[in-house]
Amino acid sequence: MEKFKSIIRDYPFIAFIIAFVILAFVPSVVFTDVYQSHLATLIFVNIVVAAGLNIVKGYCGQVTVGHVGLFAVGSYTAGTLFLYLGLGFWATLPIAIIVTAFFGVAMGIPSFRLEGPYLALATLGGGEAIRLFIENGNFFRSTFGISDIPTPSLMGYNFDSPDRYYFISMTIMIIAVYFSFSILRSGVGRAFMSIREDPICAAAAGINVKKYKILAFILSAMFAGAAGAVYAHMPPGYIHPNNYTVIEMVTFLAMVVLGGLGHIWGGIIGAIVITIVYDLTRPLYKYQLLIFGLTIVLTILFMPKGLGGFIDRYFLEKRFKKKTGTEKTT
Amino acid sequence: MILKTKQLSKSFGGLKAINKVDFELPKNEIRGIIGPNGSGKSTFFNLVSGIYDSDPGSYIEFDGHDITFAPPHEIATYGLSRTFQLLRLYQDMTVIDNVMSGYHTRVPYKFFDAVIGRKKIWDQERAIKEEMMELLSFVGLADYAELNASELSGGQRRLLVLARAIAMKPKLLMLDEPAAGLSPVNVDNLMKIIMQLKEKYGLTLIIIEHILKVVMDTCNSVTVFDHGQKIAEGTPAQVKDDNAVIEAYLGKKMDDEEMRKALAV
């Protein structure tokens, strides 16, 4: 066991490969109908978005409320590339990631001057502007949406149903989570956190604040772009501007906040919980926004570090007690 | 000379917070900076570390680099580290993360290696962590490494800030009131640690401090600021007897004639 632990510590991707193998068996073993595969794909898409949002909001502390706009950019890059050039998933995914990264730069520039609620307002404007631009442009098929976006195929095998597409979304999710994990565990993650805590002191400690802020925005935009492309190609392959409203933004925020801002697994835990709750409360659609708004408020009030921080705290206090033999004073 | 300023000025609106200060500091010296509140000591620190931009005509040189217009993160890479009067602790990070983030300028690997997550990275990260744990146990905080910084007591926070500033292995360390709010016993302890660190890392130190005993006991030389100007400089003994210094702190000594005039108005 000790040896296994040290191997995982040196080569963390092995753990991700194990997770991949386990998840690959889930549809055939656990799921009873196709809808569950569809739901799982939604969860994976949300995990990618939330992992990205956790970088910029949870770690770097930049309150961005326009993330759903970047998600839309990813989707519509994939959609329009298919519509006008007939490109498939394997071409649209990398292009969507790159295009969204540029939009991430644009979204991040206000953060040089604005912070807190003011930055939230600016990015909210940015996200809404993107959606309105799509909704009112014939180029993007305005409110008709883009339909029949094809599912990917690989070596003659077409991932054309939810239970097959599951493998595509899962692979992307595992890769994305692995990248976010390695970035945040390294010195880059620490630099992000120090900018969140105190930008002036971070600068005095040798951290280029502007560079790292933009880096955080670019990284999270790339995550959102990848998620957007996966979402666009998801069967039945239909995207519509109404899927990228502030309501979606609130759910993304609820995921990151509930999971734990600045917790390495925070966005992932939150994405799983919130997506399932979102699906279960579908009959109560009138109250969904209320539920997620309340979730955010209550989590911040009573569990400021989210579920992830809550679990961490439990183990930390156990360890501290064992080490020093005393109860902690807080 | 490790630090040199010429005609250093900074005004906020009409107030001249720092007015044409020429300052020179040789290597390995411990320099104390004293002066009444609002005399420009902290502004001087902020100018040198690049947090404020100095007024036109100023010149700052650090270790052979012209840093007059350099941003703070660049100055830090040349080896200048500082602490803040209000600590600016990273409250929501663990103690060990606080110290490790001070290591930023020395992190050896590239960003893309970190994205891919190669084994090299984790080895280096572990080495950094070990080194920083050593530093933490040197200042006596090793037991608290995994707690949040906000859970430390006031004295422990002062030690943590000190450790964080040392983590980058600076050539020059600027301490802004390191002992503010400490009890006399803790002050002695802190100064002892600072002196040990100076020996260990071969630091040059600038210390702003209001506790004159600390300055007089530990510093090789003292600079006195008042109203943004340097009014005296020399060994602690020289400065103590300087008329301008006494005037700045206690007011001017008047004879009877002057007193009568002052009261009449």
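Predicted model: local features only at pLDDT ≥ 70, side-chain atom pairs only at ≥ 80, totals over all residues.
Helices are DSSP runs of H or I with at least four residues, numbered from the N terminus.

Where the two helices meet, α3(A) contributes N46(A), V49(A), A50(A), L53(A), N54(A), K57(A) and G58(A), and α11(A) contributes F252(A), M255(A), V256(A) and G259(A) (C-beta atoms, placed from the backbone, within 7 Å). Six of these residues are nonpolar, four polar and one charged, with Gly counted among the polar ones.

Helix α7 (residues 162-185) of chain A has 24 residues, which at 1.5 Å a residue should span 34 Å, and this agrees with the 33 Å between its end C-alpha atoms. Of the 24 residues in α7(A), 18 are buried (20 or more other C-beta atoms within 10 Å of their own).

Turning to the two chains, 33 residues of chain B are in contact with 29 residues of chain A. On the chain B side, α2 (72-77), α3 (95-101), α4 (111-116) and α5 (119-139) each give two or more residues.

Residues are numbered from 1 along each chain as its sequence is written, and chains are lettered from A in the order in which they are written. Local features need pLDDT of at least 70 and side-chain atom pairs count only at pLDDT 80 or more, whereas totals for chains, interfaces and linings use all residues.

Note on methods:
Expected span 1.5 Å × (residues − 1). Buried ≥ 20, exposed ≤ 12 C-beta atoms within 10 Å, placed from the backbone.
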